[in-house]
Amino acid sequence: MTPEVQRLQDIEEIRQLRARYTRYSDTHDWDNWRQLFVDDFVLEVEGQPRVSRDLPDRGRAQGIDAIVKASAELLDGVPTAHHVLLPEITITGPDTANGVWAVNDEIWFPTCHFKGWGHYHEKYLRTDDGWRIASTRVTRTRVEEHWL
């Protein structure tokens, strides 16, 4: 396989990885969602959804097991819809890549309807099981919270 063909194949595999992330997240398929990350996955969010006005709108968490547990608890019975598009994927080494994706998401908490627009900034690692997400940093260009 030529280097260019390998690069294009890697980019497509990362696109598919991100598509599964979005689908598993919105369908709350936490077992499959967990398989998309490295164990020491780092998540940073600015302009994050809040179930209470008293919570911070920024957060950082590390370790996929803890992140899956917190996500499953926070979103239990809560509908979500994420639209992730316009990927900019750069292969940075034989087993590393970076990506930036535009995102629009909505979350219908019992006390608040959250709408967010912004970008996912991600780092990917190729593992023995294929490409995995190593870190995600969410930046927001706009947030709307409609408290009920």
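## Surface and basis of the model

Accessible areas here come from the Shrake-Rupley method with a 1.4 Å probe, and for residues only the protein chains shown count as cover. By this method the accessible surface of the protein chain comes to about 8300 Å², and 51% of that surface belongs to carbon and sulfur atoms.

This is a predicted model, in which local features need pLDDT of at least 70 and side-chain atom pairs count only at pLDDT 80 or more, whereas totals for chains, interfaces and linings use all residues. Residues are numbered from 1 along each chain as its sequence is written, and side-chain values use heavy atoms, with hydrogens and water left out.

## Overall build

The protein chain has three helices and six strands, where helices (H or I, at least four residues) and strands (E, at least two) are DSSP runs numbered from the N terminus. Read from the N terminus on, these elements follow the order α-α-β-β-α-β-β-β-β.

The radius of gyration, taken over C-alpha atoms, is compared with a globule rule of 2.2 Å times the number of residues to the power 0.38. For 148 residues a compact globule would have a value near 15 Å, and the protein chain, with 16 Å, agrees with this. Along the principal axes, the C-alpha atoms fill a box of roughly 55 × 30 × 25 Å. If a contact is understood as heavy atoms within 4.5 Å, then residues 24 or more positions apart account for 56% of the contacts with a separation of 6 or more.

A nonpolar core is a set of buried Ala, Val, Leu, Ile, Met, Phe, Trp, Tyr and Cys residues joined through side-chain atoms within 4.5 Å. The largest such core has 31 residues, of which W33, L36, F37, F41, Y124 and I133 touch the most other members. The elements that give two or more residues to this core are α1 (3-26), α2 (30-34), β1 (37-46), α3 (64-74), β4 (96-108), β5 (112-127) and β6 (130-147).

W33 has its place in helix α2 and counts as buried, because its relative accessibility is 4%. Leaving aside residues up to four places away in sequence, W33 touches Y21, Y24, S25, I67, V68 and S71.

## A histidine in strand β5

H119 is found in strand β5 and is partly exposed, because its relative accessible area is 30%. Not counting residues up to four places away in sequence, H119 touches V100, W101, A102, V103, R137, V138, T139 and T141. H119 and T136 are 17 residues apart in sequence, and their C-alpha atoms are 9.8 Å apart in space.

## Two residues with positive phi

H28, which is not a glycine, has a positive phi of about 60°. H28 lies in the loop between α1 and α2 and counts as partly exposed, because its relative accessibility is 23%.

L86, also a residue other than glycine, has a positive phi near 55°. L86 lies in strand β3 (residues 80-93) and is exposed, because its relative accessible area is 61%.

Definitions and conventions:
Buried means under 20% relative accessible area, exposed over 50%, partly exposed in between (1.4 Å probe, protein chains only).
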